[in-house]
Amino acid sequence: MQKPDDQKRRGIKAAAARLFSARPFHEVRLEEVAAAAKVGKGTLYVYFASKEQLYVAVVAEGFA
C-alpha cells in the first residue's frame, strides 16, 4: 500500500480546484483530476475516498 505524501495531496487538491472551478462538479471526472495531478487514479483513492470527499477538501481549503 502506498504511503501518503503531503506534497502529492496538495498537488491533487490543486488540480481538482482548477477543474472544479472551470466546470460543474458532476462534469469533472476523477480520471481527469488524476491526469492533471500527474498521478494514477488509484493514487487518488489513497488520499480521498470519493470525488465528494475531494471536493469538500478543496472547498474547505478555500475557506481556510
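**Entry 1: Lys13**

I began with the contacts of Lys13: beyond residues up to four places away in sequence, Lys13 touches Phe48, Leu54, Ala57, Val58 and Glu61. I note at the outset that the model is a predicted one. I located Lys13 in helix H1. Is Lys13 buried or exposed? I found a relative accessible area of 16% for Lys13, and because the limit for a buried residue is under 20%, Lys13 counts as buried.

I then looked up the charged partner of Lys13. Glu61 and Lys13 form a salt bridge, and their closest N and O atoms are 2.7 Å apart. Glu61 belongs to helix H4 and Lys13 to helix H1 (residues 6–22), so this pair ties together parts that are 48 residues apart in sequence. I recorded a relative accessibility of 46% for Glu61, which makes Glu61 partly exposed, whereas Lys13 is buried.

**Entry 2: overall fold**

I next turned to the chain as a whole. I counted four helices and zero strands in the protein. Read from the N terminus, the order of elements is α-α-α-α.

I checked the dimensions. The C-alpha trace spans about 30 × 25 × 15 Å along its principal axes. How does the radius of gyration agree with that of a compact globule? For 64 residues, such a globule would have a radius of gyration near 11 Å, and the protein has 11 Å, so the values agree.

I also looked up burial and surface. Of the 64 residues, 30% count as buried. The accessible surface comes to about 4200 Å², and carbon and sulfur atoms hold 55% of this area. Among contacts with a separation of 6 or more, residues 24 or more positions apart account for 56%.

**Entry 3: remaining salt bridges**

I asked how many salt bridges the protein has. The count comes to four, and the pair of Glu61 and Lys13 described above is a salt bridge.

I examined Glu32, which forms a salt bridge with Arg23 at 2.7 Å between the closest N and O atoms. Glu32 is partly exposed at 28% relative accessible area. Arg23 is likewise partly exposed, with 27%.

I then followed Glu31, whose side chain meets that of Lys41 in a salt bridge of 2.7 Å, N to O. Glu31 lies in helix H2 (residues 30–37) and Lys41 in helix H3 (residues 41–47), so the pair ties together parts that are 10 residues apart in sequence. On accessibility, I noted 34% for Glu31, a partly exposed residue. Lys41 is partly exposed as well, with a relative accessible area of 36%.

**Entry 4: Lys38**

What is phi of Lys38? I found a value near 60°, which is positive in a residue other than glycine. Lys38 has a relative accessible area of 75%, and this residue is therefore exposed, the limit being over 50%.

**Entry 5: Gln53**

I moved to helix H4, where Gln53 is found. Gln53 is partly exposed, with a relative accessible area of 39%. Apart from neighbours within four places in sequence, the contacts of Gln53 are with Tyr47 and Phe48. Phe48 is also one of the residues touched by Lys13.

Which backbone nitrogen lies 2.5 Å from a polar atom of the side chain of Gln53? I identified the backbone nitrogen of Ala49. I also took the separation of Gln53 from Val33: the two are 20 residues apart in sequence and 13 Å apart in space, C-alpha to C-alpha.

I placed Phe63 in helix H4 (residues 51–63). Is Phe63 buried or exposed? With a relative accessible area of 72%, Phe63 is exposed.

Terms used
Residues are numbered from 1 along each chain as its sequence is written. This is a predicted model: local features need pLDDT of at least 70, side-chain atom pairs count only at pLDDT 80 or more; totals for chains, interfaces and linings use all residues. Side-chain values use heavy atoms; hydrogens and water are left out. Helices (H or I, at least four residues) and strands (E, at least two) are DSSP runs, numbered from the N terminus. Buried means under 20% relative accessible area, exposed over 50%, partly exposed in between (1.4 Å probe, protein chains only). The radius of gyration is taken over C-alpha atoms; the globule rule is 2.2 Å times the number of residues to the power 0.38. Contact means heavy atoms within 4.5 Å. Accessible areas come from the Shrake-Rupley method with a 1.4 Å probe; for residues, only the protein chains shown count as cover. A polar contact is a pair of N or O atoms within 3.5 Å; within protein, one must be able to donate a hydrogen and the other to accept it, and residues adjacent in sequence count only if both atoms are side-chain atoms.
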